[in-house]
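Dear colleague,

Please find below the structure that I am handing over to you, together with its sequence. My notes on what was found follow directly after it.

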Amino acid sequence: MRYLPLTPDDRTAMLAAIGAKSIDDLFVDVPEAARLDGPVDLPRVAGELEVERALSAMAAKNATAGAVPFFCGAGAYKHHVPATVDHIIQRSEFLTSYTPYQPEIAQGTLQYLYEFQTQVANLTGMPVANASLYDGSTAMAEGVLMATRVTRRNKAVISGGVHPHYVKATETVVHAVGVETEVLAAAIDAEAAVIDQIGPDTACVVVQTPNVFGTATDVTKIAEAAHAAGALLIVVVTEAVSMGLLKSPGEMGADIVAAEGQSIGNALNFGGPYVGLFATREKLIRQMPGRLTGETVDADGERGFVLTLSTREQHIRRDKATSNICTNSGLCTLAFTIHMSLLGETGLRKLALLNHEKAVATRDALAAIPGVEILTDRFFNEFAVRLPKNAAEVVDTLAGHHILAGVPYSRLAPEAGMDDVLLVAATETTLDHDIKFLATVLAKVLAA
Amino acid sequence: MSTMNTVGRPTAPNQVQTKPATLTGGRGLLQNEPLIFEGEGWGKTGVDLPEPRTDASDLGDLVRKDPIGLPGLSEPEAMRHYVRLSQKNHAIDLAIYPLGSCTMKHNPRLNEKMARLPGFSDIHPLQPISTVQGALELMDTLSHWLKTLTGMPAVALSPKAGAHGELCGLMAIRAAHEASGQHEKRRKVLVPTSAHGTNPATAAFVGYTVVEVAQTEDGRVDVADLASKLGDDVAAIMVTNPNTCGLFERDILEISRLTHEAGAYFYCDGANFNAIVGRVRPGDLGVDAMHINLHKTFSTPHGGGGPGAGPVVLSEALAPFAPAPWVVHDDNGYRLIEREEDEAEQAFGRLCAFQGQMGMYVRALSYMMSHGADGLRQVAEDAVLNANYIKARLGDLMSAAFPDGPCMHEALFDDEWLKGTDITTLDFAKAMIDEGFHPMTMYFPLVVHGAMLIEPTETESKAELDRFIEAMRLLAQAARAGDVDRFKGAPFHAPLRRLDETRAARSPVLRWTAPEGSNQAA
Amino acid sequence: MKFTKDHEWVSLDGDIATVGISKHAADALGDVVFVEVPEVGKTVAKGASFAVVESVKAASDVYAPVSGEVVEANDALSTAPETVNSAPEADGWFAKIKVSDASELDALMDQAAYDAFLATL
């Protein structure tokens with residue numbers, strides 16, 4: 001078998017060196033009742049060609065974003081990733097290395113993580129960021145937990161504009177530890193509604209900008225209200241490119257930023273692996289979950305980088321850890337770093353403007369369709385529309401015409417009573433022709 | 001003679017023997033590389049984009065005015081920067097990477113090719129279900145392989161890492177106890193002293209009190225101690241099998257029987273599944289929930305620390321509580337249940353947005369299909385054989401923590417053999433670096449003093465094992481002979497010497513900051 | 001100065017007890033990087049965790065050797081945690097506690113008893 005280097009002769013020689021008669025001798029501690037006599041009931045070994053054919057057949061049954069007019073967003077965005085990114089992350093030294101616990105032979109990983117931490121801190125407008133979490137949704141959950149530790153209060157107030165999956169993932173975890181959540185009703189443009197719900201037991205308010213309906217909000221007043229009450233402001237961002245155009249969460253007073261970095265460097269990948277961005281204030285760093293890379297010197301006085309403040313983490317703190325997290329997003333984090341290095345500030349701002357331009361053009365095209373109501377006023381690259389028909393059905397019909405027209409809000413939250421709301425995203429990959437095609441076919445479908 | 005090249009140059013080495021220091025600090029192929037923030041690239045970009053036709057004035061004050069602080073690089077510069085960094089990393093592709101408990105096996109490149117098929121990588125998680133039937137088919141097929149290999153009836157795919165899987169398993173257990181009205185009284189989780197830190201961290205996170213279970217002299221769970229601590233106030237036990245000492249828990253059937261009799265569930269940490277895959281099914285051992293690290297047993301890349309994936313196989317009793325989303329296959333094809341409804345009515349919630357680590361599912365399935373059931377069984381056998389070979393060939397010079405009987409896929413040594421040499425496990429590990437090897441896992445498990453945990457995996461050839469063993473033997477002999485400086489000052493030949501971790505923790509510097517008065521952002 | 005089995009020391013002056021960790025504990029921890037001292041005004045119970053001391057590779061709870069109210073905390077440790085290593089039984093003190101029951105010290109070990117105890121470990 002191509003991945004197993006031992007030959008029968010090797011095995012014989014090795015068993016002899018060990019003093020065992022057969023491999024079964026080495027499994028002697030397995031209770032007899034649990035020993036399998038032979039391979040389990042699954043297909044046998046297959047060559048590369050066979051595996052490629054089988055998996056390609058599965059892949060061929062999926063409609064790919066790049067092959068059709070594509071307008072899906074809602075937390076995962078299609079952007080163009082330069083060829084360099086994917087090439088570098090497949091280098092042996094990045095692909096096949098481990099967590100940098102031996103820093104002398106892992107400076108490659110440690111240095112790019114330090115660069116990543118700086119990029120994320122600057123992008124979010126915050127003083128410090130960690131070396132990434134799994135994704136934006138678990139980053140939000142970790143943010144809420146951190147806020148309860150810092151404030152010693154027990155309640156999180158969550159706006160009606162936060163992505164429902166993020167809300168659910170957060171509730172699943174924080175409820176388990178007795179933290180209360182108050183989730184406001186879904187609302188296109190009401191991040192500030194959280195202000196009225198702030199009380200003495202509020203550890204944090206959680207808002208999203210741009211929110212799930214695309215609305216971009218200046219959350220400065222929300223930050224002020226939260227701080228006046230001794231609570232923290234957590235800002236969730238699901239489209240990292242938006243911070244290339246919009247005022248940063250840090251500038252607006254965020255205490256914790258929990259964001260999704262997938263847009264930079266990473267493909268859609270049907271939902272994962274993604275990369276969670278987590279940034280906070282200087283005085284809160286010891287409460288921050290996840291890995292941290294820090295600068296130091298070696299025995300010869302040379303500058304180097306190491307994992308640091310490890311005592312927050314599970315392998316040392318065990319049952320008193322800030323979180324049970326062990327991995328970060330590794331290669332996805334590297335992909336973000338490389339793509340961001342290629343973009344630079346100049347490129348990121350341009351990219352962001354292009355996204356906004358395409359979304360505005362899409363909005364204008366849809367606004368002209370009878371029966372379509374544009375719900376989102378100020379947006380980055382995504383907006384919500386109200387259709388005169390059930391949005392999920394319309395999306396399915398358009399899929400039949402080879403158009404992926406967006407995400408019906410009911411897919412995220414069927415109980416919200418917003419079955420006629422469609423979330424539409426456009427990026428720099430959206431062609432003018434795609435917009436025209438979408439508008440034409442949608443108009444036909446709605447008129448039918 | 002015809003015209004010939006008369007420009008002479010020597011073709012054999014000359015006799016200069018002394019080695020002067022270089023003038024720039026460079027060392028041959030190894031380049032020094034500053035941070036991207038320390039270059040000149042504050043206005044550059046390596047991406048060609050069309051000119052935007054908007055200035056976003058429609059967004060008024062929401063537009064970001066101040067510089068962000070992100071340098072840019074042209075493509076050649078970016079390539080150089082990251083290639084130079086890459087040269088400072090050790091990797092599986094370079095040599096045996098014997099980290100115990102991590103399963104650093106070869107990462108097949110077919111997996112990378114398959115994961116990058118646009119049909120898997122260029123699909124959005126919220127597209128209409130009819131347009132992603134192939135993706136759901138892949139998830140369902142992976143589920144089938146995982147269930148069959150483990151002998152378990154159900155699997156939750158969404159956890160994003162092993163630790164996330166532990167969270168999933170414990171939350172399913174808690175949900176099951178809540179459903180039967182027993183959660184209020186069952187607030188304890190029993191964890192062996194040898195457990196990985198994520199185990200007690202996760203149990204505490206979910207609201208349980210962690211009670212430690214002792215270990216016997218031969219490195220296994222003390223069943224008598226376990227039995228004495230089991231009761232109707234215990235929700236679950238968390239046991240790693242093979243355990244963190246690299247040993248198979250002989251009494252595992254008794255352990256699971258006692259646990260179930262006490263009305264508790266058996267959570268198994270599946271980090272060491274590589275030792276038994278295809279030869280033993282956790283379902284046959286009485287396991288109720290077990291996370292599987294796809295980045296360990298099933299070869300998805302470690303990538304310098306991630307991304308991982310930790311699906312959790314579940315027993316009949318726990319299956320109803322698996323978190324959303326569920327992939328269901330019926331006569332109409334595949335569908336997703338994304339909230340607590342229909343068959344997934346009792347799901348304990350959702351662990352993350354969307355469907356989980358699809359990119360890792362593709363890689364893992366590619367790996368499984370390549371090996372097949374027979375290949376996977378061979379994987380476990382060769383992994384165990386390789387570890388025992390190392391144990392046998394080093395046992396005369398180094399002290400095995402549990403010398404009697406075979407180990408499984410990893411060999412555990414303690415620092416008893418270094419007594420009196422003034423050389424610690426840490427020193428020994430750093431000297432391994434000079435010899436060209438990534439050190440083994442050190443100081444874990446905590447139950448063994450100065451632990452050295454060596455896991456070769458099945459993808460090491462006998463030649464590489466022999467090369468490693470030879471180096472270890474020479475080092476061990478040097479340590480015993482009192483060659484202290486070699487160890488205390490190591491590493492001498494790595495890109496950097498030992499780093500000051502105290503300084504990094506006392507005065508954390510977690511980001512680059514522009515010098516005062518510079519015109520660069522942040 | 002008296003010692004606990006968990007390697008804390010306590011030194012009584014009137015009804016104010018100064019507490020810290022022993023030299024043995026400080027040496028075992030290695031370079032101390034961070035100390036979490038209790039809040040002034042907090043009530044502590046003998047045997048309960050009231051502070052945390054961290055080195056690079058370890059984090060340890062510090063248990064109150066006596067019950068009482070914290071009247072002073074050694075905030076200097078936040079900028080100079082290395083003091084715990086250089087002077088664990090002097091300047092590296094963690095907190096001063098107004099004891100509620102001075103007789104709690106009777107059960108603790110004096111220097112000689114503590115040294116004997118260390119020899120058994």
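Of the 522 residues in chain B, 65% are buried. Please bear in mind throughout that this is a predicted model. Chain B contains 13 helices and 12 strands, and its C-alpha atoms fill a box of roughly 90 × 75 × 60 Å along the principal axes. Among the contacts in chain B with a separation of 6 or more, 70% are between residues 24 or more positions apart.

The interface of chain A and chain B

Between them, chain A and chain B bury about 17000 Å², and carbon and sulfur atoms account for 63% of that area. The contact involves 196 residues from chain A and 203 residues from chain B. Across this interface there are 17 salt bridges. In one salt bridge, the side chain of Glu52(A) meets that of Lys113(B), with a distance of 3.0 Å from N to O. On the side of chain A that touches chain B, helix α11 (residues 330–367) gives the most, with 24 residues. That side of chain A is made up of 98 nonpolar, 56 polar and 42 charged residues.

Thr131(B)

Thr131(B) sits in the loop between α3 (118–121) and α4 (133–150) of chain B. Is Thr131(B) buried or exposed? Its relative accessible area is 9%, so Thr131(B) counts as buried, the cut-off being under 20%. Apart from neighbours within four places in sequence, Thr131(B) is in contact with Lys61(A), Asn62(A), Ala63(A), Ala399(A) and Leu404(A).

Chain C and its annotations

For chain C, an unreviewed UniProt entry gives the annotation "domain: Lipoyl-binding" for residues 16–98. This span of chain C is 13% helix and 42% strand, and the C-alpha atoms at its ends lie 5 Å apart. UniProt, again in an unreviewed entry, also places the feature "modified residue: N6-lipoyllysine" at Lys57(C). In the model, Lys57(C) is found in the loop between β6 (49–55) and β7 (59–63) of chain C. Lys57(C) has a relative accessible area of 56% and is therefore exposed, as the cut-off for that class is over 50%. Thr131(B), by contrast, is buried.

With kind regards

Methods:
Residues are numbered from 1 along each chain as its sequence is written. Chains are lettered from A and ligands numbered from 1 in the order in which they are written. This is a predicted model: local features need pLDDT of at least 70, side-chain atom pairs count only at pLDDT 80 or more; totals for chains, interfaces and linings use all residues. Side-chain values use heavy atoms; hydrogens and water are left out. Contact means heavy atoms within 4.5 Å. Buried area is the accessible area (1.4 Å probe) that two parts lose on being put together, summed over both. A salt bridge is a side-chain nitrogen of Lys or Arg within 4 Å of a carboxyl oxygen of Asp or Glu. Helices (H or I, at least four residues) and strands (E, at least two) are DSSP runs, numbered from the N terminus. Ala, Val, Leu, Ile, Met, Phe, Trp, Tyr, Cys and Pro count as nonpolar, Asp, Glu, Lys and Arg as charged, and the others, Gly among them, as polar. UniProt positions are given in the numbering used here, feature names are shortened, and annotations may be inferred rather than shown by experiment. Buried means under 20% relative accessible area, exposed over 50%, partly exposed in between (1.4 Å probe, protein chains only).
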